[in-house]
Amino acid sequence: MKTILSIAVLTTALAPLAQAKVAKKMFVVYGVDNRVEVFEATELQQRLARSTMAVMDKNEMTRDPARPGVVQFTQSTLAEWINESSKSNKLFSEETKMAPGDINFCPGTRFVEQPNPSMCSGFLIAPDVAVTAGHCLDLPNFCEDFKWVVDFKVDPLTGKAGQDIPEENIYSCKKVVSGALDMMSAKDYALIQLDRRVDREPLTIRSESMVSDNQSLVVIGNPSGLPTKVAAGARVRKNEHEAFFVANLDTFQGNSGSAVFNAETGVVEGILVRGEEDFVPDFSKMCVKTNVCKEDDCRGEDVSRMTSIPEVAIQKTLEKAALNEDITTLAELMVQKTWLDFPNKVGTTVLMKAAQAGKAQSVQMLIDAGASVDAKDTQDNTALHLAAPELKAEVLDALVAGGVDLEARNAKGETALQIAANDLNLVTTKLLIQAGAEKNALDAKGDNILVPFLLSGNEKAVLELVSMGVDFKVIRNRASLRLKLKRLLRKVAKR
């Protein structure tokens, strides 16, 4: 359901928001309205738009049992919304002598005939992690009732949007990792873990330093709850505050949470959060028009820096400390209580990197501080999978004590034990068997861990593994190897 906002003074933004007391973050057009449909944007902008998301109340979606697999979004338009909103506002009609329901946008206002079901905007920064504005968390039952949608955009052939949206384009909030709406620090962000990985490439974000003064910018999101729009032609106006910078972006409520990109590199510089008023009354025509400012006039639009998100701000420092086993710095960072499972673009966490590098002390500290031993990257590798080729006993001990799943399989269907065997690392293979790994597990080809050693001609390794209980009878699909193994065992038996 969209909010019925007060139309009494028409100086509040008229984009759809939930009925909760969401902080009013208002935006505006500077100079020429640069908003275009996704299909009208440049090739780079279209690629970036694929990883942006509309944040939408589930009540704006309907499903037809006769048409499984697709969802319909509410087709009520922006024009219908403002007219309907005015019907409940008596004060407005008394002030203007207009009948309730007679409030409309002025002729020529753009996009008013498009549907506007979205409440906020967001974007993907890791396989299952998205970002939006912190004030969007004030929407009631935010994590339970709001969905994250990719490709809510106008179809260039039909001119329609929000029709027959594939179910797989719709994601749910698993948990709010962190968020802030702090007037003192000016922080306004929300970091969300989604219910599953998104089938899109996560965006590259600025994780250190600051955007350049006067940098050209592009914003992609859902102004006024409309289908995704791309707005270029903007730049940084003020670049002084630690938590945000100011730009002349063409944005509206509903753009809250939009990704603001470096126009040249496509790197996300920040999150659109605050700004000037969207719409203003034109009393001469008794209608509502878009608020237009000159490029350097009005207050500007505030963009939360990506580094205002704690998990982003400390990530490189945390990774460096873990890989250098800088215990003092690690201990200082742990006190901040940030999400230690924050993944990079391919889903790798700091714990995974530390385990892969053999940094046992760092692995132990991260586990003790709450890092997940079973987190997976985009190839379903755990820390144990990544460490397996050159696994250190101390790292294995820490992971096992932390409850690691020794039988977890990656996207190739491999366990850590099978990775070690395929790398012909007998020491690691034996360590994993001693730790309790299933020594007779089969890979996708039906082979057990004897096969790679047999193929390499390492008879000593084969005999050691057989002595540890690896079943040579398991080799069923390779007659030549079976025969080779039998000859080897007979030779040993004769000695």
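Start with a torsion. Select Cys120 and Cys136: the torsion about their S-S bond is about -100°, so this disulfide is left-handed. The sulfur atoms of Cys120 and Cys136 sit 2.1 Å apart. A disulfide here is a pair of cysteine sulfur atoms within 2.5 Å. Cys120 belongs to strand 6 (residues 118–126), while Cys136 is in the loop between strand 7 (129–132) and helix 4 (142–145), so the bond ties together parts 16 residues apart in sequence.

Before moving on, note the ground rules. This is a predicted model, in which local features need pLDDT of at least 70 and side-chain atom pairs count only at pLDDT 80 or more, while totals for chains, interfaces and linings use all residues. Residues are numbered from 1 along each chain as its sequence is written, and side-chain values use heavy atoms, with hydrogens and water left out. Helices (H or I, at least four residues) and strands (E, at least two) are DSSP runs, numbered from the N terminus.

**Stop 1**

Buried means under 20% relative accessible area, exposed over 50%, and partly exposed in between (1.4 Å probe, protein chains only).

Nine of its nine residues are buried, so strand 6 is largely enclosed by the rest of the structure. Two strands pair if DSSP finds at least two bridges between them. Pick Val55 and look across to strand 6; its bridge partner there is Cys120.

Strand 6 and strand 7 pair in the antiparallel sense over three bridges. They form a hairpin with two residues between them. Ala126 stands opposite Val129 in strand 7.

**Stop 2: the other disulfides**

How many disulfides does the structure hold? There are four. Numbered in sequence order, the bonded cysteines of the protein chain pair as 1-6, 2-3, 4-5, 7-8.

Select Cys143 and Cys173, joined by a disulfide with an S to S distance of 1.9 Å. The torsion about the S-S bond is about -85°, so the link of Cys143 and Cys173 is left-handed. Cys143 lies in helix 4 and Cys173 in strand 10 (residues 170–182), so this pair ties together parts that are 30 residues apart in sequence. Both Cys143 and Cys173 are buried.

Then go to Cys293 and Cys298. A disulfide joins them, S to S 1.9 Å. With -85° about the S-S bond, the link of Cys293 and Cys298 is left-handed. Cys293 is buried at 4% relative accessibility, whereas Cys298 is partly exposed at 37%.

**Stop 3**

Show strands 4, 5 and 9. They form an open sheet in the order 4-5-9, with antiparallel pairing. Strand 4 (61–62) and strand 9 (165–166) are the edge strands, each pairing on one side only. Strand 5 (residues 70–73) pairs with strand 9 over two bridges.

**Stop 4: two positive phi values**

Select Ser224. Its phi is positive, about 60°, although it is not a glycine. Ser224 is in the loop between strand 12 (216–221) and strand 13 (229–238). It is buried, with a relative accessible area of 1%.

Jump to Glu325, another non-glycine with a positive phi, about 50°. Glu325 is in the loop between helix 5 and helix 6 (327–334). It is partly exposed at 27% relative accessible area.

**Stop 5: the largest pocket**

Finish at the largest pocket, with a volume of about 330 Å³. A pocket is an open set of points, on a 1 Å grid over the protein atoms alone, where a 1.4 Å probe fits, with protein on both sides within 12 Å along at least five of seven lines; lining residues have an atom within 4 Å of a point. Grid points are joined across faces, edges and corners, and the volume is the space filled by probe spheres set on the points.

Select Ile205, Ser207, Gln315, Phe342 and Asn344: of the 17 lining residues, these are the closest to the centre of the largest pocket. Helix 5 (310–323) and helix 7 (350–356) are the elements that give two or more residues to the lining. Helix 5 gives the most, with four residues.
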